[in-house]
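Please read it with the structure open.

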Amino acid sequence: MKYDFDEIIDRSGTNSAKWDKNTLKEMFGAEDVLPFWVADMDFKAAQPIIDAVVKRAEHGIYGYSSRTDSYYESIINWTKRRHGWEIEKEWINFTPGVVPAINYAIQAFCIPGDKIIIQNPVYYPFHDAIKNNGCHIIDSTLKFNGEYYEMDFEDFENKAKDPKVTLFILCSPHNPVSRVWTKEELEKIGDICCRNNVLVIADEIHNDLVFSGYKHTMFASIKEEFALNSITCTAPSKTFNLAGMQASNIIIPNPLLRERFQRILEKNAIGGQNPFSIVALEAAYNEGEDWLNQLLAYLEGNIEFIHEYLKKHLPKAKLIDPQGTYLGWLDFRGYEKDGKKLESLVYGKGRVALDGGTWFGNGGDGFIRLNFACPKILLKEGLERIAKAINEEYN
Ligand SMILES: Cc1ncc(COP(=O)(O)O)c(C=O)c1O
């Protein structure tokens with residue numbers, strides 16, 4: 001089946017967090033800003049997912065639901081087929097989201113006062129999870145080489161040596177700098193963590209969204225030592241635009257770690273799952289591949305479009321070429337280095353809602369994150385608004 005990613009779908013009146021007018025007013029100062037912020041897509045899900053959810057809805061009884069073998073098999077098969085990692089049913093834990101899982105993991109493996117390494121600029125709920133659980137953020141800021149971002153291994157190891165550092169939250173692929181880490185990079189960082197007794201939470205929620213020429217390596221699949229020193233978070237939510245379904249897979253091969261994680265789930269009575277997310281996840285992993293392949297091609301077209309648009313209309317700005325994710329990291333430092341000033345200009349004058357670079361911690365000033373998983377015509381309108389605001393201010 002051929003999918004039409006150019007179709008504009010009105011999301012108003014659907015409780016969309018991204019498009020809700022009150023939220024937009026609160027966050028960006030106006031209701032009429034065009035949203036490119038929250039990481040979900042303005043595309044319809046794959047037809048087999050819609051069919052499965054409709055069928056389930058038509059049944060009419062929405063009682064307590066359980067996961068069957070076919071649920072786990074769909075996750076196991078997908079992980080093997082797309083990523084070459086063979087996992088076992090017992091390793092897979094359900095949580096209603098990856099962000100909740102990160103919080104539960106901190107509660108399971110850390111005590112208040114512990115230090116946790118992240119690599120800024122990074123997805124800001126990592127910061128909140130660490131702080132809200134009484135731990136301290138240790139930032140090993142990524143290095144920008146003018147073209148793409150790299151890990152600072154020396155700095156990382158110096159920080160990992162501190163016995164108070166117990167955990168590292170790896171973002172792979174990385175949001176917002178859209179790097180797909182190579183196997184070599186992951187091996188190097190994983191070895192540092194093993195040497196220094198630092199447990200790894202591998203947030204691989206974007207692992208299926210990888211563009212031509214790049215290959216995602218699942219951290220735990222690299223070697224047994226890493227599998228036993230990590231917990232891996234995946235989900236169909238980013239891949240198949242099912243974020244509102246709230247289902248994620250927390251894969252823990254090490255039985256001791258698994259038991260500690262499960263204790264926290266029990267303490268919080270986490271386990272039940274809504275019937276729609278069960279059928280949606282299975283349909284996505286079993287029948288969504290064709291849609292995903294078409295989506296990736298469409299997203300590559302959008303990347304090309306942004307590069308071309310900036311070259312013509314905002315020559316001092318640059319999209320850091322995305323290797324994965326649908327989140328573009330745009331460098332506006334050629335126009336404005338003050339992050340707050342840049343952000344208020346694009347929100348206020350530009351009437352565009354974007355994640356400000358400053359939200360992501362160190363290294364974010366002068367950048368904005370643009371979610372380009374939308375029909376090209378919306379993307380064009382957003383870029384035009386940004387260009388007008390910037391060019392009027394700086395030319
Ligand atoms: C790196 C990363 N982790 C987790 C999430 C959200 O996970 P969930 O909605 O499953 O809590 C996102 C969403 O943008 C993300 O980018």
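1. Buried area is taken here as the accessible area (1.4 Å probe) that two parts lose on being put together, summed over both. On that basis domain 1 and domain 2 bury about 3,200 Å² between them, 56% of it on carbon and sulfur atoms. On the side of domain 1, Gln323, Thr325 and Phe360 lose the most area to domain 2, together 23% of what that side buries.

2. The model is predicted, so that local features need pLDDT of at least 70 and side-chain atom pairs count only at pLDDT 80 or more, whereas totals for chains, interfaces and linings use all residues. Residues are numbered from 1 along each chain as its sequence is written, and side-chain values use heavy atoms, with hydrogens and water left out.

3. The domain assignment, which is an automatic or database one, gives domain 1 as 21-47 + 287-394 and domain 2 as 61-286. Their C-alpha centres lie 25 Å apart, and 37 residues of domain 1 are in contact with 40 residues of domain 2, contact meaning heavy atoms within 4.5 Å.

4. Two salt bridges are counted between the domains, each requiring a side-chain nitrogen of Lys or Arg within 4 Å of a carboxyl oxygen of Asp or Glu. Arg82 forms a salt bridge with Glu289, where the closest N and O atoms are 3.0 Å apart.

5. By class, the side of domain 1 that touches domain 2 has 19 nonpolar, nine polar and nine charged residues, where Ala, Val, Leu, Ile, Met, Phe, Trp, Tyr, Cys and Pro count as nonpolar, Asp, Glu, Lys and Arg as charged, and the others, Gly among them, as polar.
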